[in-house]
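Here are my notes on the model, in numbered points. Please read them with the structure open.

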Amino acid sequence: MFHDITKESQFDIRYFEEKEAPILKNHLLNPLIQKWFPLSSEIDVDLFTRNWVNFAKHRTAITALWDQQPIGFGAIFLLPYKKVAIHTMAYLLVDPAFQRKGVGTSLMRNLIHLSRDFRIIEKVQCEIYQGCALEGILKRLSFEKAFTQEGFVRFSEFETSARIIFERSNKIEV
Amino acid sequence: MRYEVSLEDQIPILASWLSDPQILRWFPMVNQLEIEDASKIWIGYFGKTFGSAFTVWEGEQVVGFFNFYLSPIQKLRHQTLFSIIVHPEKRGQGIGRQTLQELKKRAKNDFGISLLHLEVYRENPARKLYLEEGFEEYGVHVNFLKEEDGTYRDKILMQQWL
């Protein structure tokens with residue numbers, strides 16, 4: 001059942017701190033979270049976590065807290081070249097024990113605001129795989145499907161999934 | 001023509017081709033700094049790390065480059081984005097088509113790729129070649145690229161199962 005905890009005093013969102021990298025890594029190793037990312041080994045997770053930490057140095061990553069403990073993470077990854085730097089890709093994950101409580105929506109809303117601090121960014125994108133619960137959040141926040149690529153991620157020899165790219169204009173109010 | 005893994009001393013050749021405004025307009029880079037960075041990633045990183053950047057030779061002359069942006073991530077290793085470029089003065093001689101055919105063979109046989117994909121800006125004439133060589137459009141990323149004059153261009157997304 002949905003219960004929004006984000007209005008309660010124990011809830012907070014602030015910038016990601018590098019010391020939280022091991023907690024982020026642990027979440028990414030959790031199969032319930034990992035299935036929505038293209039990660040399958042500790043090497044993959046280490047690589048992704050390292051990227052996250054590097055982007056966080058530019059103040060592009062945030063952490064959701066409950067009673068001062070991290071329960072969710074969000075980040076925007078910036079693109080390096082000027083002509084395409086108008087886009088940013090958003091990532092987020094929520095501790096399974098805190099899902100369906102408004103944390104993901106709050107993180108994404110904050111990521112959109114964060115992207116606006118970078119004046120060059122005009123659109124926020126988010127890549128999900130078929131069946132990901134994040135799709136509901138994206139639609140609620142006015143993201144629209146940009147394109148779908150079948151077979152992009154392979155879970156096993158016989159099982160692949162499409163990636164679906166959603167995007168929203170920063171001209172739209174959150 | 002022969003195809004060899006690219007060497008780092010060929011980075012300036014690639015960078016000089018990319019610096020040609022007629023070529024650069026089909027790529028996301030906009031200035032020399034970005035061109036040098038992209039060339040180093042193309043040959044320096046992918047060539048060195050994965051052996052997946054190739055130089056196309058005609059006799060003793062470099063006439064093209066291609067690379068596969070292979071992913072180290074297990075779940076993504078079956079597919080790859082690629083880039084291809086032909087010497088500005090060697091265009092219209094079938095080098096692009098021949099290289100594309102070779103590229104597909106190498107993707108499948110040397111790197112185990114089953115899904116090959118590319119990104120091309122809407123007005124790029126190479127799009128016709130990709131269609132003729134069996135690539136299909138699976139999407140359009142509208143207004144993906146913003147030119148310095150403020151105009152936007154769409155990115156056409158194409159792929160082919162090998």
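1. A salt bridge here is a side-chain nitrogen of Lys or Arg within 4 Å of a carboxyl oxygen of Asp or Glu. By that rule, 3 salt bridges cross the interface of chain B and chain A. Over all chains, the search of the whole structure returns 25.

2. On provenance: this is a predicted model, where local features need pLDDT of at least 70, side-chain atom pairs count only at pLDDT 80 or more, and totals for chains, interfaces and linings use all residues. Residues are numbered from 1 along each chain as its sequence is written, chains are lettered from A and ligands numbered from 1 in the order in which they are written, and side-chain values use heavy atoms, with hydrogens and water left out.

3. How many residues does each chain bring to the contact? Chain B gives 35 residues and chain A gives 30 residues, where contact means heavy atoms within 4.5 Å. The area buried between the two chains is about 2,700 Å². Carbon and sulfur atoms give 55% of that area. Buried area is the accessible area (1.4 Å probe) that two parts lose on being put together, summed over both.

4. On the side of chain B that touches chain A, helix H3 (32-50) and strands E5 (115-121), E6 (136-146) and E7 (152-161) of chain B each supply at least two residues. Helices (H or I, at least four residues) and strands (E, at least two) are DSSP runs, numbered from the N terminus. E6(B) gives the most, with 9 residues. By class, this side of chain B has 19 nonpolar, 8 polar and 8 charged residues. Ala, Val, Leu, Ile, Met, Phe, Trp, Tyr, Cys and Pro count as nonpolar, Asp, Glu, Lys and Arg as charged, and the others, Gly among them, as polar.

5. Check the pair A:Lys83 and B:Glu147, a salt bridge at 3.5 Å, N to O. A:Lys83 lies in the loop between strand E3 (69-78) and strand E4 (87-94) of chain A, and B:Glu147 in the loop between E6 and E7 of chain B, so the pair joins two chains. A:Lys83 is buried at 6% relative accessibility. Buried means under 20% relative accessible area, exposed over 50%, partly exposed in between (1.4 Å probe, protein chains only).

6. Within chain B, B:Arg153 and B:Glu123 form a salt bridge, their closest N and O atoms 3.5 Å apart. B:Arg153 is in strand E7 and B:Glu123 in the loop between E5 and helix H5 (126-132), so the pair ties together parts 30 residues apart in sequence.

7. Within chain A, the side chains of A:Lys25 and A:Glu42 meet in a salt bridge (2.7 Å, N to O). A:Lys25 sits in helix H1 (residues 21-29) and A:Glu42 in helix H3 (residues 42-56), 17 residues apart.
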